[in-house]
Amino acid sequence: MKKITIRDIQKLKGCDTPFATITAYDYVSAQNADAVDIPLFLVGDSAAMVVYGMENTIPISMDELIFLVRAVCRGTKKALVVADMPFMSYQASVEDAVRNAGRFIKEGGAGAVKLEGGTPYKSQIRAIIDAGIPVMGHVGLLPQSYNLSSGYRIQGKSKIEANKIIEDAEAVQESGAFAVVLEGIPEDLAERITKLLNIPTIGIGAGPKCDGQIQVYHDILGLYGDFSPKHAKRYGNFGVEIQSKLAEYKNEVEEKTFPTKEHFITSKTPPEKAQ
Ligand code: KIV
C-alpha cells in the first residue's frame with residue numbers, strides 16, 4: 001500500500017478537484033479516515049478541546065500530543081500524518097522548534113509538522129526543514145494567539161490585515177513549507193493567496209477557492225457537544241447516537257436482558273462429587 005508523501009500533497013496544487021483533509025486524534029479516527037482515502041491527517045492541537053476537554057489550545061503540551069500522534073500513526077496505512085506544534089514548543093527559539101519537531105517525527109512517527117504564524121517564524125520553519133522535517137504553515141486566524149486577538153475572530157477584513165496575511169503566506173512558502181493552512185479569512189483573500197502561491201492552500205473557514213479543505217473530525221461528525229463552529233458542516237450527529245446506544249446498553253443490563261446466551265459460555269465444570 002502506497003504511503004502518501006509531501007510530494008503527493010504538492011501535486012494537488014491547482015487541481016480542478018479540491019482535496020479534503022481532516023484532523024485525527026486516535027487509532028480509530030485514523031483508521032476511519034484512511035478507509036476513505038483522505039490523504040492528510042493533522043493531529044491538531046485542537047485535541048486540547050476535543051480530546052482533553054481544555055478551554056482552548058494554549059495549555060496542551062508536547063507529551064499530550066505525542067501520545068495521540070503515535071496512536072494516529074498506528075491507525076494510518078496511507079495518509080501523511082502531520083503533527084501540530086503546540087503553543088510554546090517553537091515560539092521561544094529555533095532550537096526549541098527543531099528539537100520538538102524532531103520529537104514528533106522520532107517518538108511520534110509523524111511525517112511532517114505544522115506550526116502557526118508566518119513572517120516571525122521563518123527561521124524556525126527553515127531550521128526544521130534543514131533538519132529533514134517537512135513543515136506545513138498556518139496563517140490567518142491563529143488559535144494559539146487567542147489572548148492577543150481577544151478570542152477567535154475572522155482575520156484579514158481590513159486592507160492592512162489582508163496584506164499582512166499575504167506576506168505571512170509568502171514567508172511560509174519562501175521558507176520551504178510544502179503546504180499552508182488558511183484559517184478564518186474572507187474567501188476573496190483566500191482565493192488571492194491560493195493564486196499567488198505555488199504550494200497547496202488548505203482552508204478552514206476560508207471559503208471554497210482553496211486547493212483543499214481541513215475540518216475537525218469531532219465537528220463534522222457531531223461528536224463534541226452542541227457547539228458547532230460556523231466553518232463546520234455537521235455530516236452526522238454521532239454524539240447523540242452514542243449516548244442513545246449507551247443508554248440502551250445500560251437499560252438492558254439493569255433489566256437483565258443483556259448478556260444473553262450468545263454473549264457468554266455456559267459452565268462446563270463438572271458438578272462437585274458428594275463426599
Ligand atoms: O488544531 C487544529 O485542529 C488545526 C486545524 C483545524 C487547522 O490547527
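Guide: Start with the rule for pairing: two strands pair if DSSP finds at least two bridges between them. The elements are DSSP runs too: helices are H or I with at least four residues, strands are E with at least two, and numbering starts at the N terminus. This is a predicted model, where local features need pLDDT of at least 70, side-chain atom pairs need 80 or more, and totals for chains, interfaces and linings use all residues. Residues count from 1 along each chain as its sequence is written, and side-chain values use heavy atoms, without hydrogens or water.

Now the pairing. Strands of a sheet pair through backbone hydrogen bonds, either parallel or antiparallel. Here 8 strands close into a barrel, and the pairing is parallel. The order is β1-β2-β3-β4-β5-β6-β7-β8. On average, neighbouring strands of this sheet are turned by 25° against each other, with direction ignored. Axes are lines fitted to C-alpha atoms, for helices over the stretch in contact; angles run from 0 to 180 degrees between N-to-C directions.

Take three of the pairings. Strand β2 (residues 40-43) runs parallel to strand β3 (residues 80-84), and 4 bridges join them. There, V43 stands opposite A83 in β3. A helix lies on this sheet: α7 (residues 159-174) packs there and touches β5 (135-140) and β6 (179-183). The direction of α7 makes about 175° with that of β5. Strand β1 (residues 19-23) also runs parallel to strand β8 (residues 212-215), again with 4 bridges. I22 faces Q215 of β8. On its other pairing, β8 meets strand β7 (residues 201-204) in the parallel sense over 2 bridges. I202 has G212 in β8 as its bridge partner.

Follow α7 first. Its axis and that of helix α8 (residues 187-196) come within 10 Å and cross at roughly 30°. The two helices are therefore roughly parallel to each other. The cut-offs: under 35 degrees is roughly parallel, over 145 roughly antiparallel, 65 to 115 roughly perpendicular, and the rest oblique. The crossing of α7 and α8 is right-handed. Right-handed means the near helix is turned clockwise from the far one by less than a right angle; anticlockwise is left-handed. From α7, the contact (heavy atoms within 4.5 Å) uses A162, N163, I165, I166, A169 and E170. From α8 come L189, R192, I193 and L196. These residues divide into 7 nonpolar, 1 polar and 2 charged.

Next, helix α5. Helix α4 (residues 62-74) and α5 have axes that come within 9 Å and cross at roughly 25°. That makes α4 roughly parallel to α5. α4 passes α5 in a right-handed crossing. M62, D63, L65, I66 and V69 of α4 meet N100, R103 and F104 of α5.

V94, A97, V98 and A101 in α5 meet S123, Q124, A127 and I128 in α6. This contact has 6 nonpolar residues, 2 polar and no charged.

The whole structure holds 3 aromatic pairs. Y90 and Y121 form an edge-to-face pair, 5.3 Å centre to centre, with 75° between the planes. It links distant parts of the chain: Y90 is in the loop between β3 and α5, Y121 in the loop between β4 (112-114) and α6, 31 residues apart. Here rings of Phe, Tyr and Trp (its six-membered ring) pair if their centres lie within 6.5 Å; planes under 30 degrees apart are stacked, over 60 edge-to-face, the rest tilted.

Finish with the backbone. Most residues other than glycine have a negative phi, and most peptide bonds are trans. D37 has a positive phi of about 60° although it is not a glycine. D37 sits in the loop between α2 (27-35) and β2. F258 and P259 are joined by a cis peptide bond, with omega about 0°. P259 is in the segment after α10 (238-255).

Terms used: Nonpolar A, V, L, I, M, F, W, Y, C, P; charged D, E, K, R; others polar.
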